[in-house]
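The following exercises are to be worked through with the sequence and the model at hand. Each task is followed by a solution in steps.

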Amino acid sequence: RLPLRALYDAVDLHGVPGGQSHDMHTGQAHQPGIWGKSILYQRTADIWREIARRYNDRAVVAAYDLVNEPYADHKLDVRPELAKLIPQLYRAIREVDDRHVIFFPGALNGGIDFYGDPKQQGFHDVGFTEHRYAGLFGDKPVLASHAREILDRFPKKQAYIERLGVPYYLGEFNVVRRAAGGDRVMRE
């Protein structure tokens with residue numbers, strides 16, 4: 001066994017003011033209230049500015065993960081709102097911290113492509129993050145969904161990320177349903 005030499009943290013805002021999803025992980029189930037509300041966007045930016053001010057010189061912090069699972073009600077297309085919110089959060093952080101990587105979150109039904117190339121927008125040290133649960137959120141909970149994810153979607157995502165030259169953080173990935181292979185597929 002190799003000794004653990006360093007442990008790094010990605011600071012993750014799991015629940016934004018007003019909530020970003022109706023799921024419980026935001027701290028308030030059934031309250032995806034941030035979307036379209038500029039006052040809540042500003043509060044979120046203020047929070048990130050203060051977090052970044054506190055941790056701007058901490059080497060243990062690897063990155064800031066801006067909004068965990070911005071999925072609204074799983075039906076609303078939040079891409080136009082993320083396109084407004086995320087640059088605002090980026091700028092708030094960069095006011096006090098020009099050092100750490102900032103991860104832009106993927107939309108549930110829209111991925112990360114809608115952001116375009118961060119460098120062309122003047123952003124630096126930016127990456128993307130997504131959570132992938134094949135068999136949930138539209139895919140059938142069968143083994144073929146995971147095969148598509150691993151054999152088709154992951155290589156396409158990798159090619160896209162390599163073309164942009166940015167980091168990609170697959171924050172969560174799991175075989176949730178037994179019909180999709182469950183424990184056996186996760187072990188393999």
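**Exercise 1. Determine the volume of the largest pocket and describe its lining.**

Step 1. The largest pocket has a volume of about 440 Å³. On a 1 Å grid over the protein atoms alone, a pocket is an open set of points with protein on both sides within 12 Å along at least five of seven lines, whereas a cavity is a set where a 1.4 Å probe fits but cannot get out; lining residues have an atom within 4 Å of a point. Grid points are joined across faces, edges and corners, and a volume is the space filled by probe spheres set on the points.

Step 2. The model is predicted: local features need pLDDT of at least 70 and side-chain atom pairs pLDDT 80 or more, while totals for chains, interfaces and linings use all residues. Residues are numbered from 1 along each chain as its sequence is written, and side-chain values use heavy atoms, with hydrogens and water left out.

Step 3. The lining of the largest pocket comprises 23 residues, and L108, E130, R132, E149 and R153 lie nearest its centre. Helix α3 (143-164) gives the most to this lining, with seven residues. Helices (H or I, at least four residues) and strands (E, at least two) are DSSP runs, numbered from the N terminus.

Step 4. By class, this lining has nine nonpolar, five polar and nine charged residues. Here Ala, Val, Leu, Ile, Met, Phe, Trp, Tyr, Cys and Pro count as nonpolar, Asp, Glu, Lys and Arg as charged, and the others, Gly among them, as polar.

**Exercise 2. Is E149 buried or exposed, and with which residues is E149 in contact?**

Step 1. E149 lies in helix α3.

Step 2. E149 counts as buried because its relative accessibility is 1%; buried means under 20% relative accessible area, exposed over 50% and partly exposed in between, with a 1.4 Å probe and protein chains only.

Step 3. Neighbours within four places in sequence aside, E149 is in contact (heavy atoms within 4.5 Å) with R132, A134, F154 and F173.

**Exercise 3. Which residues line the largest cavity, and what is the phi of E69?**

Step 1. The search of the whole structure finds one cavity of 30 Å³ or more, and the largest cavity has a volume of about 60 Å³.

Step 2. Its lining consists of D65, V67, N68, E69, P70, Y71, P105, G106, T129, E130 and H131. Strand β4 (residues 126-132) supplies the largest share, three residues.

Step 3. E69, one of these lining residues, is found in the loop between β2 (61-65) and α2 (79-94). Although E69 is not a glycine, it has a positive phi of about 40°. E69 is buried, with a relative accessible area of 10%.

**Exercise 4. What is the order of the strands in the sheet, and which helices pack on it?**

Step 1. The open sheet has five strands in the order β1-β2-β3-β4-β5, with parallel pairing; two strands pair if DSSP finds at least two bridges between them. The edge strands, β1 (9-12) and β5 (168-173), each pair on one side only.

Step 2. Four bridges join the parallel strands β3 and β4, and V126 in β4 is the bridge partner of I102.

Step 3. Helix α1 (residues 38-55) packs on the sheet, touching β1 and β2, and its direction makes about 180° with that of β2. Helix α2 also packs on the sheet, touching β2, β3 and β4, and its direction makes about 165° with that of β3. Axes are lines fitted to C-alpha atoms, for helices over the stretch in contact, and angles run from 0 to 180 degrees between N-to-C directions.
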